[in-house]
Amino acid sequence: QVQLMESGGGLVQGGWSLRLSCAASGSIFSINDMGWYRQNPGKQRERVAVITTDGIANYADSVKGRFTISRDNGKNTVYLQMNNLKPEDTAVYYCWAQLRTERGRTYAYWGQGSQVTVSS
């Protein structure tokens, strides 16, 4: 069984910063890409940032220059540093990871979600 445990959400004012963390635990052979998505009620979940095992990152246009994704492969953990937060960043943020089995099959896992609320 694999779990992704998130931490770091909260309520902040516009312009402030938050850092999200997500640690994968359980029966893990290897992890491919890791990332963060976000979702608001009634809207589709959107990709915020994804990072490869080698550290290559890709960001949504709306967060480029403000958010930074990173990972610690030794700790099976991915981070999202969010700076200069805006009210439109308010959402539930979900950690995501693609795990690979010993036989080469891949599976996607999600964290439980962390509420980020940015007041104006």
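At 37% relative accessibility, Trp110 counts as partly exposed, a class that lies between buried (under 20% relative accessible area) and exposed (over 50%), computed with a 1.4 Å probe on protein chains only. The model is a predicted one, in which local features need pLDDT of at least 70 and side-chain atom pairs count only at pLDDT 80 or more, whereas totals for chains, interfaces and linings use all residues. Residues are numbered from 1 along each chain as its sequence is written, and side-chain values use heavy atoms, with hydrogens and water left out.

Aromatic contacts were assigned by ring geometry: rings of Phe, Tyr and Trp (for Trp, its six-membered ring) pair if their centres lie within 6.5 Å, and planes under 30 degrees apart count as stacked, over 60 as edge-to-face and the rest as tilted. By this rule the count comes to two aromatic pairs. The rings of Tyr37 and Trp96 have centres 6.1 Å apart and planes at 65°, so this pair is classed as edge-to-face.

Charges placed over rings were identified where NZ of Lys or CZ of Arg is within 6 Å of the ring centre and within 35 degrees of the ring normal. Arg45 lies over the face of Trp110, at 4.6 Å from the ring centre, while the charged end of Arg19 sits over the ring of Tyr79, 4.1 Å from its centre.

The structure holds four salt bridges, each defined as a side-chain nitrogen of Lys or Arg within 4 Å of a carboxyl oxygen of Asp or Glu. One of them is formed by the side chains of Arg38 and Asp89, with an N to O distance of 3.0 Å. Arg38 lies in strand E4 and Asp89 in the loop between strand E8 (77-82) and E9, so the pair ties together parts that are 51 residues apart in sequence. Arg38 counts as buried at 5% relative accessibility, and Asp89 is buried with a relative accessible area of 0%. Asp89 also meets Arg66 in a salt bridge of 2.7 Å, N to O. Arg66 lies in the loop between strand E6 (57-59) and strand E7 (67-72), and Asp89 in the loop between E8 and E9, so this contact ties together parts that are 23 residues apart in sequence. Both Arg66 and Asp89 are buried. Salt bridges that share partners join Arg38, Glu46, Arg66 and Asp89 into one network.

A further salt bridge is found between the side chains of Lys64 and Asp61, at 3.1 Å, N to O. Lys64 is partly exposed, with a relative accessible area of 49%, whereas Asp61 is exposed, with a value of 63%.

Technical notes
Helices (H or I, at least four residues) and strands (E, at least two) are DSSP runs, numbered from the N terminus.
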